[in-house]
Amino acid sequence: MSTPAGERGSTTVADRAVRRIAEQAATEALAPDEVRATRGAASVRGRRARVAVTVTLPYPEVLDDAGERVRSHVADRTHRLTGLAVPSPRIRVGGLRVRGARDAEPASGGRAVEAAEDAPGAEAGGRRVRRPWGRRRLPVGVLALLGALVCGVLLYDVLAVHAAGRPPARWRVDLLRWLTTHGPDSSAWPGLVAALAVLALGVWLLVLAVTPGLRGRLPMREPLPELRATLDRRAAAALLRDAVSEVSGVGRVRVSVGRRVVRVRAGLTFGQLDVARRAVRDVVERTVTSWGTARQPRLRVRVDTEPVWRDVVGADTGAGVAPVGGGAAPEAPVGSAAPVGSATPVTGDRSGQGGGGR
């Protein structure tokens, strides 16, 4: 008698195979060669698989939308190839990769559409996006360890006294005697110091209990209720610094990204100051909008001239380069313009340069 086909054996999909399928699926979610899977993990339990993939996404890109597309594609593709149910894969954005200049430039007329879609303060379904709450593993772990040590030592001494008939430990007797003689009305400085330390610890614990923490992360818009995304403030500052540094004539750039205010200060080495200010402001606005944060931060942009700054005057008419200090420009042959890079540092008075941004 032959055994039915359904009872002859079973097929088991290894965790390693599921992990590789999920990593490959993540790289196929967007355009070719845009997503890179750097690390993955998978765990198969019966007919269900839990999958987590760390990816590198292209920049500029709205991270919450891109992450949701990667997550959906990983779930669908892994389910089709393995036959396992993949509930809500975990996608972690571990880094950003800048696209080429051709891909980064928006098409003609597309900027207005992007601005309308990424309007500041836009939120899915009109819901208010709140800051994520930190787990605070370090302070909780330290307090739990200290509490366990103190309770363990005290419990050991109490059991030794009542169960084994031993005398109480000397440190416990001295501590009880000191506490009975140094109450709240005592003016001894050790008691005051201990009381202040306990008060500070209590205030610190209350602050940890009522505040969300994670001040280094900016909450992003939530396209779906189950999706939570944050942007690291240091990564945002690095992206903004790189974008401003690409403006022609800009040298030194300092960026500070806060939870409500973004401050950018750039130094101009050559070029027209008004034109550079408009260009820097435009780049800052586009970059901050592309972050996709739930709350649009206020912008504080300042462009100042560097000590070696030269204003390009009449570059197309051969007028040469005008020095900042009020001196005459170096003579140039008729019909040719003096190169901008040939300007020498200025050591004269800058009070008359006008529009120095100070």
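1. The largest nonpolar core has 46 residues, and those touching the most other members are Val51, Leu240, Val244, Val250, Val257, Val284 and Trp291. A core here is a set of buried Ala, Val, Leu, Ile, Met, Phe, Trp, Tyr and Cys residues joined through side-chain atoms within 4.5 Å, where buried is under 20% relative accessible area with a 1.4 Å probe and protein chains only. Helix α9 (residues 273–290) gives the largest share of this core, six residues.

2. This is a predicted model, with pLDDT of at least 70 required for local features and 80 or more for side-chain atom pairs, while totals for chains, interfaces and linings use all residues. Numbering starts from 1 along each chain as its sequence is written, and side-chain values use heavy atoms, without hydrogens and water.

3. Leaving aside residues up to four places away in sequence, Leu240 touches Val255, Val262, Val264, Val284, Thr287, Val288 and Trp291 (contact: heavy atoms within 4.5 Å).

4. An open sheet of three strands runs in the order β1-β2-β3 with mixed pairing. β1 (36–45) and β3 (90–98) are at the edges with a single partner strand each, so one side of each has no neighbour in the sheet. Pairing requires at least two DSSP bridges between strands; β1 and β2 (residues 48–59) pair antiparallel over nine bridges. Gly40 has Val53 in β2 as its bridge partner.

5. Helices α1 (residues 15–27) and α2 (residues 63–82) have axes that come within 8 Å and cross at roughly 135°. Val18, Ile21, Ala22, Ala25 and Ala26 of α1 meet α2 residues including Val70, His73 and Val74.

Note on methods:
Helix = DSSP H or I, 4+ residues; strand = E, 2+ residues; numbered from the N terminus. Buried < 20%, exposed > 50% of the residue type's maximum accessible area, 1.4 Å probe, protein only. Axes fitted to C-alpha atoms, helices over the stretch in contact; angles between N-to-C directions.
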